[in-house]
Amino acid sequence: MTLRPTLRPARLGALALLCALVAPASAQDASAQGADGVRAAVAQLFDGMRAADTTAIRAVLHPEARLFTATGGVEALMPTGIDSFLAAVADAPVTFDERVGEVEVRTDGALATAWMPYRFYAGDRFSHCGVNAVQLAYADSPGGAGWRIVQVIDTRRTEGCE
């Protein structure tokens with residue numbers, strides 16, 4: 001029995017063109033913002049932490065965002081709830097100053113990943129370093145279109161910090 005394709009090459013090309021023309025506007029907007037928009041969203045998170053501005057932080061987080069610290073294998077992931085994180089930022093007796101290095105960004109339509117080394121200071125005192133891996137999605141939300149942080153996972157160590 002021979003299977004015959006139901007779409008001929010010319011029809012496949014027309015179908016691909018049609019799909020490209022009706023692509024969601026948010027994906028097109030995300031592509032226009034690209035890596036610069038992702039870096040701006042990440043900067044808003046860390047600038048908000050330094051300023052203890054939980055409104056600015058919440059504005060860049062997806063409402064269901066997840067925060068984790070990787071201290072070992074998968075079984076050792078430590079989750080932090082958004083509300084707990086924001087309360088810690090707001091109530092901190094010192095400035096939370098997360099200084100990030102170069103941010104490596106990869107995007108595909110409305111999906112992005114940002115990877116960056118960091119050094120964390122509590123006030124003027126060095127606390128720890130590590131790497132942040134941040135996943136973002138481009139959203140058309142009531143607050144405006146833009147990149148929203150869906151997940152942050154970080155490593156933490158006190159040795160081997162550059």
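Modeller: A quick term before we start: buried means under 20% relative accessible area, exposed means over 50%, and partly exposed is in between, with a 1.4 Å probe and protein chains only. This is a predicted model, where local features need pLDDT of at least 70, side-chain atom pairs count only at pLDDT 80 or more, and totals for chains, interfaces and linings use all residues. Residues are numbered from 1 along each chain as its sequence is written, and side-chain values use heavy atoms, with hydrogens and water left out.

Colleague: Helix 4 then. Which residues of helix 4 are buried?

Modeller: Ile82, Phe85, Leu86 and Val89, in a helix that covers residues 82-91. Helices here are DSSP runs of H or I with at least four residues, strands are runs of E with at least two, and both are numbered from the N terminus.

Colleague: Why are they on the same side of helix 4?

Modeller: They cover an arc of only 95° around the axis, so they sit on the same side of helix 4. The arc is that of the directions from the helix axis to the C-beta atoms. An α-helix has 3.6 residues a turn, so residues three or four places apart point the same way.

Colleague: And which exposed residues are on the face turned away?

Modeller: Asp83 and Asp91.

Colleague: What does Asp83 pair with in a salt bridge?

Modeller: Arg58, with the closest N and O atoms 3.1 Å apart. Arg58 is in helix 3 (residues 54-60) and Asp83 in helix 4, so this pair links distant parts of the chain, 25 residues apart. A salt bridge is a side-chain nitrogen of Lys or Arg within 4 Å of a carboxyl oxygen of Asp or Glu.

Colleague: Is Arg58 buried, exposed or partly exposed?

Modeller: Partly exposed, at 44% relative accessibility. Asp83 is exposed, at 54%.

Colleague: How many salt bridges does the structure hold?

Modeller: 6. One of them joins Arg50 to Asp97, with the closest N and O atoms 3.2 Å apart. Arg50 lies in helix 2 (residues 25-51) and Asp97 in strand 3 (residues 96-100), so the pair ties together parts that are 47 residues apart in sequence.

Colleague: What else does Asp97 bridge to?

Modeller: Arg99, at 2.9 Å between the closest N and O atoms. Asp97 is buried at 13%, while Arg99 is partly exposed at 40%. Asp47, Arg50, Asp97 and Arg99 are linked in a network of salt bridges.

Colleague: Which ring does the charged end of Arg99 sit over?

Modeller: The ring of Tyr121, 3.8 Å from its centre. That label needs NZ of Lys or CZ of Arg within 6 Å of the ring centre and within 35 degrees of the ring normal.

Colleague: New topic. How many aromatic pairs are there?

Modeller: 3 in the whole structure. In one, the rings of Tyr121 and Phe126 have centres 5.6 Å apart and planes at 70°, so the pair is edge-to-face. Rings of Phe, Tyr and Trp (its six-membered ring) pair if their centres lie within 6.5 Å; planes under 30 degrees apart are stacked, over 60 edge-to-face, and the rest tilted. Tyr121 is buried at 12%, and Phe126 is partly exposed at 26%.

Colleague: Last one. How do strand 6 and strand 7 run, parallel or antiparallel?

Modeller: Antiparallel, with 10 bridges joining strand 6 (residues 125-141) to strand 7. Two strands pair if DSSP finds at least two bridges between them. Asn132 stands opposite Asp154 in strand 7. Strand 1 (residues 61-70) runs parallel to strand 7 (residues 144-155), joined by 6 bridges.
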